[in-house]
Amino acid sequence: MAEEPLLVEIAEGVATLTLNRPERLNAFTTALHEALATALDRASRETAIRAVLITGAGRGFCAGQDLAERKPVPGQGPRDLGQSLERYYNPLIRRLRDLEKPVVAAVNGVAAGAGAGLAFACDIVIAAQSASFIEAFSRIGLVPDAGNTWFLPRLAGSARAMAVALTGEAVPAVQAAAWGLIWKAVPDDALMTEARSLAARLAQGPTRALGLAKRALNRSSANDLDAQLDLERDLQREAGLGEDYHEGVAAFLEKRPARFSGR
Ligand code: LHQ
């Protein structure tokens, strides 16, 4: 039987999703997309899942689209790559951004093409020091997709975005962290311990409020200050009605650790 393209493990409030095509550096196939969509929808639906951790099996994180699956077939005319984005990649990026629960990426190795977009769409990205990010599109005559042209200039500034998109040069993890493309680079052997412990800590946190904070930050780039202040008011009103706010304040006043429920 073929290996599952995505391993899903749910423990202590964290859904760990491991891209599992190590012999192809976890490149995306239709089956992997479908499994990822199912897992993210489940994470959105189930209250017991309070954080998501995404990583890759083997030495790569994700090498973007599996090029063997999308290669032009002689006699069949050109493939419509826009359809592939519309059907798989754009919904994936939207699912990650719209999921109102923290999503951590543990980038264990190379993240290329749409694989880099996948990492940048996650909320907190930790990478192994040996990992790298490659806007591989220009190497094969394509345009950066999977949100890359949106994330890159916002995270790293237009000068760096333009250079990495046009040259396709690899950005090592340490450089990516220095540029603000990711949160941090850690020694390879510390990656999974650190990423798991972060995801577990987030899952024990006031996850409803964390989800609202994610919404506020995601909206900020499209809002002016007035609209953002109004949004903060509305979301704070909602958070203030939550059980976790009451628990957080009570725990602070009683000088004890808070026990958040995500409600
Ligand atoms: C692969 C792949 C891969 C298949 C490594 N596919 N086998 C959206 C819409 C529709 C269509 C087009 O695309 C998109 C979005 C995109 O993502 S476009 C960008 C697609 N990705 C790339 O162009 C990256 C291609 N891969 C590479 O350039 C290299 O593999 C990198 C730089 C990522 C890693 O290099 P190495 O560490 O030297 O590894 P390798 O090249 O030896 O790869 C290991 C194996 O994985 C190898 O197979 P083999 O049988 O020789 O061991 C590769 O063929 C295979 N592989 N990426 N995307």
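This is a predicted model: local features need pLDDT of at least 70, side-chain atom pairs count only at pLDDT 80 or more; totals for chains, interfaces and linings use all residues.
Which strands and which helix do the buried residues of helix 7 pack against? Residues are numbered from 1 along each chain as its sequence is written, and side-chain values use heavy atoms, with hydrogens and water left out.

**View 1. Helix 7 and its packing partners.** Helix 7 runs over residues 191–203 and has 13 residues. Helices (H or I, at least four residues) and strands (E, at least two) are DSSP runs, numbered from the N terminus. From first C-alpha to last, helix 7 reaches 18 Å, close to the 18 Å expected at 1.5 Å a residue. That expected span is 1.5 Å times one less than the number of residues. Leu191, Ala195, Leu198, Ala199, Leu202 and Ala203 are buried in helix 7. They cover an arc of only 135° around the axis, which puts them on the same side of helix 7. The arc is that of the directions from the helix axis to the C-beta atoms. On the other side, Thr193 and Arg201 are exposed. Buried means under 20% relative accessible area, exposed over 50%, and partly exposed in between (1.4 Å probe, protein chains only). The buried residues pack against strand 2 (14–19), strand 3 (51–56), strand 5 (103–107), strand 7 (124–128), strand 10 (184–186) and helix 8 (207–220). Contact means heavy atoms within 4.5 Å.

**View 2. Pro22 in the loop between strand 2 and helix 1.** Pro22 counts as partly exposed, at 33% relative accessibility. Pro22 touches Ala57 and Gly58, not counting residues up to four places away in sequence. The C-alpha atoms of Pro22 and Gly56 are separated by 7.6 Å, yet these residues are 34 residues apart along the chain.

**View 3. Helix 4 packed with helix 5.** Axes are lines fitted to C-alpha atoms, for helices over the stretch in contact, and angles run from 0 to 180 degrees between N-to-C directions. Leu152, Pro153 and Ala156 of helix 4 meet Ser158, Arg160, Ala161 and Val164 of helix 5.

**View 4. Helix 8 and helix 9.** The axes of helix 8 and helix 9 (residues 225–240) come within 10 Å and cross at roughly 170°.
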